[in-house]
Amino acid sequence: MSEGRGRVRTGGYVGFADLPNQVHRKSVKKGFEFTLMVVGESGLGKSTLVNSLFLTDLYAKRAPNSAKERINKTVTIETNCVEIEEKGVRLRLTVVDTPGFGDALNNDKCEEAIIKYVANQYEAYLQDESGLNRRNIVDNRVHCCLYFISPYGRGLKPIDIKFMRSLHDKVNIVPVIAKADTLTKSEIRSLKARILEEIEEASIRIYQFPECDSDEDEDFVEMNKDLKESLPFAVIGSNTFIVKEGNRVIGRQYPWGVVEVENPEHSDFGKLRNMLIRTHMQDLKEVTRDVHYENFRSQKLSYSTNTSMNESSGPKVVDETDKIIREKDEELKRMQRMVEQLTKQQNMLAAMQKQ
């Protein structure tokens, strides 16, 4: 039996060239899901940046904590879910916030609640995937974690390194320098280089942009290269519209001028938004599914298999041990009987010789 393979062009129109359109229609009808986690100390503009990214207000009802509340604050998990529609495409966006992170006097275990939350989402997805109703699984797995780094230090703090090292094998981490308008361009370049150096020294694996194929569009290849070189993103957040030279822009007004959020000369905000929404959202989801979730799934199944094997083999091991002990006891008893018989025979021979 011979098998021939090769690329053959059809002589006319068959129809399967429309498969991408079928997938597109089905995907648009179903909608998309994306879960974004934001982590960082209070006061770094996390809420403002998220609102700026998605042009919505997710934190309208949040009240700031008092100084006393912040002293005793522990890390809590808050989820905000909103459905956004743009040109007929629906996105179910879930933003996971972590108020209290890094705010306590003792932050030794502040990452534990976050690790537990990420693992619980994987566990819930695994249970749904193993159940009967697999058609309507809601994907709450964390697809990306924006980690906010303070612009006021000379690099990463111990809490930054500890957190990213604890989460880098569980979620896609994208480091972000907050409040970049407090730094000059040279200070931003120096801080970026320092942070990347410390990340490498600590063996932390942040999100890696995929390599482009040889047939990729040149504009996308250039954009992908630019995004790689921009890490960590230095961003500014604002929800205020300012009129500058007759144009309405989102930015911050200072005595010396206006900082524009979407101006690439002022901030990496546009690059971060492009990466999260326009170019790499699907890749973030695929890495979560194929790498982080599969690691969790394989470890969970391996643990369950080993546990069940130990439970099933436990009684057998005990029975086998009891059997060996019984055989040894019987052998000892036989030897004792043989010794007793020999002793008895020797005594009888000795008595006969005396007679």
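The protein chain has a mean pLDDT of 79 in this predicted model. Of its residues, 78% reach 70 or more. Two residues are taken up below: F163 in helix α5 and S150 in the loop between β4 and α5.

**Confidence**
- Strand β5 (residues 173-177) has the highest confidence in the protein chain, at a mean of 94.
- Helix α3 (residues 67-71) has the lowest, at a mean of 53.
- Where pLDDT is low, the predicted coordinates should not be read in detail.

**F163**
- F163 sits in helix α5, which spans residues 158-167.
- Its relative accessible area is 1%, under the 20% cut-off, so F163 counts as buried.
- Beyond its neighbours within four places in sequence, F163 contacts V39, F101, E111, I114, C145 and Y147.
- One of these partners, Y147, is 16 residues away from F163 in sequence. The C-alpha atoms of F163 and Y147 are 9.2 Å apart.

**S150**
- S150 belongs to the loop that runs between β4 (144-149) and α5.
- S150 has a relative accessible area of 11%; this is under 20%, so the residue is classed as buried.
- A polar atom of the S150 side chain lies 3.2 Å from the backbone nitrogen of Y152.
- With neighbours within four places in sequence set aside, S150 is in contact with L44 and K157.

Conventions. Residues numbered from 1 in each chain as written. Predicted model: local features only at pLDDT ≥ 70, side-chain atom pairs only at ≥ 80, totals over all residues. Heavy atoms only, no water. pLDDT = per-residue confidence, 0-100. Helix = DSSP H or I, 4+ residues; strand = E, 2+ residues; numbered from the N terminus. Buried < 20%, exposed > 50% of the residue type's maximum accessible area, 1.4 Å probe, protein only. Contact = heavy atoms within 4.5 Å. Polar contact = N/O pair within 3.5 Å; in protein donor to acceptor, adjacent residues only side chain to side chain.
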